[in-house]
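Here is a protein model to look at.

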Amino acid sequence: ACNVILGLQASLDFERGGEIAQLMDKYYSSIDARLISLHRRQDIAVADQVVKELKMMRDAWVEVDRQASSGEFEEKKEMMELTPSAAKIESISCSI
């Protein structure tokens, strides 16, 4: 699991990803640190929380892939470019 997280972290593009890439880097670091601590403490509650978060992350990436494959992502991107307040909406939804 640590190798997967490190691989995801290594694939971040800070130049193009900006603030979102920085947030994801912190998130991946947090997950990695908790995975490492699990080897020492073996805390079931922490393990359950990490598994829950990893499943949420997996589901989010599956949805991104679905939208990208269907062209839905590009349609949303075009709509956002046409809407003056799109940047605010985009930044709010991406920071959640």
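Q: Why is Tyr28 called buried in this predicted model?
A: Tyr28 has 1% relative accessibility. Buried means under 20%. Tyr28 therefore counts as buried.

Q: What makes Tyr27 count as partly exposed?
A: Tyr27 has a relative accessibility of 24%. Buried requires under 20%, and exposed requires over 50%. Tyr27 falls in between, so partly exposed is the label.

Q: Why is the aromatic pair of Tyr27 and Tyr28 called tilted?
A: The structure holds one aromatic pair. In this pair, the centres of Tyr27 and Tyr28 are 6.0 Å apart. Pairing needs centres within 6.5 Å, so the two rings qualify. The planes make an angle of 50 degrees. Stacked would need under 30 degrees and edge-to-face over 60, so the pair is tilted.

Q: How do you know that the buried residues of α1 line one face of the helix?
A: Helix α1 spans residues 2-10, and its buried residues are Cys2, Ile5 and Gln9. Viewed down the axis of α1, they fall within an arc of 65 degrees, so they line one face. An α-helix has 3.6 residues a turn, so residues three or four places apart point the same way.

Q: Which exposed residues does the face of α1 turned away from its buried side carry?
A: That face carries Asn3, Val4 and Ala10.

Q: What covers the buried residues of α1?
A: The cover includes α2 (14-41) and α3 (44-70).

Q: Which residues does Cys2 contact, leaving aside neighbours within four places in sequence?
A: Cys2 is in contact with Asp32, Leu35 and Ile36. The C-alpha atoms of Cys2 and Asp32 are 5.9 Å apart, although 30 residues separate them along the chain.

Key. Residues numbered from 1 in each chain as written. Predicted model: local features only at pLDDT ≥ 70, side-chain atom pairs only at ≥ 80, totals over all residues. Heavy atoms only, no water. Buried < 20%, exposed > 50% of the residue type's maximum accessible area, 1.4 Å probe, protein only. Helix = DSSP H or I, 4+ residues; strand = E, 2+ residues; numbered from the N terminus. Arc of directions from axis to C-beta. Contact = heavy atoms within 4.5 Å.
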